[in-house]
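Here are my notes for your first look at this protein. Please keep the structure open as you read.

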Amino acid sequence: FSEAAEYGTSKVITDHSTIGVLVSTDGSILDLPREGYLSAERRVVREMKELNKPFVLLLNSKHPQDSNSIRLRDELSDEYGVPVLLKNIQEMTSQDMADMLETVLMQFPLRMVDVAMPGWMQALPRTSEIISHIIDKVCEVAKEMQVMGDYRKLSNIFNEDEFLLKDCTTSVDYGKGTCVLNVTPKSELFYRVLSEQCGMEIADECQLVSYIKEFAQARNQYN
């Protein structure tokens with residue numbers, strides 16, 4: 001019977017499931033000590049990773065606030081490289097369930113990182129100092145991003161940046177596996193770039209309007 005149950009569970013995980021919640025314990029549940037779960041726990045973690053399906057480990061405990069249980073949770077997270085949630089399953093609320101599912105969602109593969117910027121920045125060539133700077137910084141962090149939850153690694157990459165404000169926002173689309181980083185240039189950057197592109201000093205809106213008027217007059221005379 002036990003072999004049939006294990007085969008059926010394996011079949012469901014392999015062929016029918018999209019996500020997984022692996023339930024184990026710190027040894028405070030029933031009379032079986034923690035060591036009695038290790039072999040099966042490690043085997044299932046290995047199998048889930050081989051299937052490349054998002055999953056979390058739910059560590060069931062009678063005493064989730066206990067320092068030893070918390071230490072075990074952290075050790076397992078480091079060992080397995082997956083989120084480990086320490087809970088007393090009998091006391092879990094609907095919000096706990098929702099939080100657990102959100103954690104699983106964060107384990108879906110991240111397929112693309114995009115950068116959203118103002119239109120005038122998009123008009124700059126890839127070789128420009130600003131665009132190269134942004135792309136290089138994002139690519140450097142993106143090398144370490146594999147799952148959706150890794151989008152948080154983008155939040156502080158432009159702190160104390162020469163060109164951009166530090167308050168970048170990030171939006172994610174779990175269905176598509178994409179992450180969009182919204183960058184905001186510092187207010188003076190527009191006129192700096194405009195001055196470089198035009199070959200003349202344009203410090204503010206007043207100068208910009210003056211140059212546009214002069215350009216329009218020159219064009220009318222030429223025509």
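1. The model is predicted. The protein exposes about 14,400 Å². Carbon and sulfur atoms supply 52% of that area.

2. Next, the overall form. The radius of gyration is 27 Å, whereas a compact globule of 223 residues would have one near 17 Å. Along the principal axes, the C-alpha atoms fill a box of roughly 95 × 40 × 30 Å. Of the 223 residues, 32% count as buried.

3. The protein has 8 helices and 6 strands. Their order along the sequence is α-β-α-β-α-β-α-β-α-α-β-β-α-α. Take the contacts with a separation of 6 or more: residues 24 or more positions apart account for 60% of them.

4. Now the interior. Nonpolar side chains tend to be buried together in soluble globular proteins. Here the largest nonpolar core has 22 residues. I130, I134, F158 and L181 have the most contacts inside it. At least two residues of this core come from each of α6 (129-142), β6 (178-182) and α7 (189-198). α6 gives the most, with 5 residues. Apart from this core lies another, of 12 residues, including M48, L59, L76 and Y80.

5. Look closely at L181. Leaving out residues up to four places away in sequence, L181 touches D114, V115, A116, V138, L154, I157, F158, C168, T169 and T170.

6. Last, the charges. The protein has 23 positive and 35 negative charges.

Terms used
Residues are numbered from 1 along each chain as its sequence is written. This is a predicted model: local features need pLDDT of at least 70, side-chain atom pairs count only at pLDDT 80 or more; totals for chains, interfaces and linings use all residues. Side-chain values use heavy atoms; hydrogens and water are left out. Helices (H or I, at least four residues) and strands (E, at least two) are DSSP runs, numbered from the N terminus. The radius of gyration is taken over C-alpha atoms; the globule rule is 2.2 Å times the number of residues to the power 0.38. Buried means under 20% relative accessible area, exposed over 50%, partly exposed in between (1.4 Å probe, protein chains only). Contact means heavy atoms within 4.5 Å. Accessible areas come from the Shrake-Rupley method with a 1.4 Å probe; for residues, only the protein chains shown count as cover. Lys and Arg count as positive and Asp and Glu as negative; His and the chain ends are not counted. The place of a charge is taken as NZ of Lys, CZ of Arg, CG of Asp or CD of Glu. A nonpolar core is a set of buried Ala, Val, Leu, Ile, Met, Phe, Trp, Tyr and Cys residues joined through side-chain atoms within 4.5 Å.
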